[in-house]
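I open this notebook to record, entry by entry, what I looked up in one structure. The entries follow the order in which I went through it.

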Protein chains: 2
Amino acid sequence: MTWLDQVAWNNDGLVPVIAQEHSSGKILMFAWMNREALQLTRETGHAVYYSRSRNKLWHKGEESGHTQIVHDIRLDCDNDVVLLTVEQQGGIACHTGRHNCFFQQLQNDDWVTVEPVIKDPKAIYHE
Amino acid sequence: MTWLDQVAWNNDGLVPVIAQEHSSGKILMFAWMNREALQLTRETGHAVYYSRSRNKLWHKGEESGHTQIVHDIRLDCDNDVVLLTVEQQGGIACHTGRHNCFFQQLQNDDWVTVEPVIKDPKAIYHE
């Protein structure tokens, strides 16, 4: 039984993944991996996710250049959640051009954006 | 449209939730909430999750006493992941009696337990 077999993949063959920034401890993003993505993440040292909307591997930063260098890979007590500790290249993890994806804070009864856009997404993605 | 309506609940009416410790920045656990759980979390200031295995609300710490006092509630860019920042009562978030659930670290090709059991689960749960 290999380390990949020990992961409790869900019915879709995926596992949820939390990416945390090594230097700041901030949560950068949340995504999914299939077996191949986790294997590639391990082999290359760069985060590779599985895009559920595009149904394919997603080499984080393949378009933006905002790759994630992996420091640590952890598995939780039920073997069904992965935690990556990473160094975020470019300091931008979110497709909105912000440092991280968790920029909406609940204040009273509203979600308020509390993190600035560091770089215009139009300047990040050239499609 | 209320703040609860803005959450992009999945087909099961759930949203994934990451719980991060306020003081240390460490990821304590990963769980799920339904609409009622998130509303109760907001109203009571204590983390309430939804147990998919037991199909019911799970007031974190209801049995162990290891409740989580909520400091901050965040929503991600796609409105489909919640991040809680919490104060972990008793310093134990995991049902194994460890500080957090992410205690298995990938070393070479093995998942190695790298966090100690703080309290024997038998002494935490009296069933």
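**Entry 1, a pair of side chains.** Which residue does the side chain of A:Arg74 meet in a salt bridge with an N to O distance of 3.5 Å? I found B:Glu115 as that partner, at 3.5 Å from N to O, where a salt bridge is a side-chain nitrogen of Lys or Arg within 4 Å of a carboxyl oxygen of Asp or Glu. A:Arg74 lies in strand 5 of chain A, and B:Glu115 in the loop between strand 8 and helix 2 (121-124) of chain B, so the pair joins two chains. For these elements I rely on DSSP runs numbered from the N terminus, with helices being H or I over at least four residues and strands being E over at least two. A:Arg74 and B:Glu115 are both buried, and in these notes buried stands for under 20% relative accessible area, exposed for over 50%, and partly exposed for what is in between, with a 1.4 Å probe and protein chains only.

A:Arg74 also forms a salt bridge with A:Asp72, at 2.9 Å from N to O. I noted a relative accessibility of 16% for A:Arg74, which is why A:Arg74 counts as buried, and a relative accessible area of 13% for A:Asp72, likewise buried. Through shared partners, salt bridges join A:Asp72, A:Arg74 and B:Glu115 into one network.

The model is predicted, and local features need pLDDT of at least 70, side-chain atom pairs count only at pLDDT 80 or more, while totals for chains, interfaces and linings use all residues. Residues are numbered from 1 along each chain as its sequence is written, chains are lettered from A and ligands numbered from 1 in the order in which they are written, and side-chain values use heavy atoms, with hydrogens and water left out.

The same surface serves both copies, since 100% of the contact residues of chain A recur in chain B, contact being heavy atoms within 4.5 Å.

How many residues does each chain give to the contact? Chain A gives 36 residues and chain B gives 37 residues. The area buried between chain A and chain B is about 3,300 Å², with 62% of it from carbon and sulfur atoms; buried area is the accessible area (1.4 Å probe) that two parts lose on being put together, summed over both. In chain A, the residues that lose the most area to chain B are A:Arg74, A:Phe102 and A:Trp111, together 22% of what that side buries.

B:Asp109 counts as partly exposed at 44% relative accessibility, and A:Arg42 counts as partly exposed at 30%. I also found a salt bridge of B:Arg42 with A:Asp109, with the closest N and O atoms 3.1 Å apart.

Is B:His66 buried or exposed? B:His66 counts as buried, at 9% relative accessibility, and lies in the loop between strand 4 (56-59) and strand 5 (68-75) of chain B. Leaving aside neighbours within four places in sequence, B:His66 is in contact with residues including B:Lys60, B:Gln88 and B:Ile92. A polar atom of the B:His66 side chain lies 3.4 Å from the backbone oxygen of B:Ile92.

How values were computed
A polar contact is a pair of N or O atoms within 3.5 Å; within protein, one must be able to donate a hydrogen and the other to accept it, and residues adjacent in sequence count only if both atoms are side-chain atoms.
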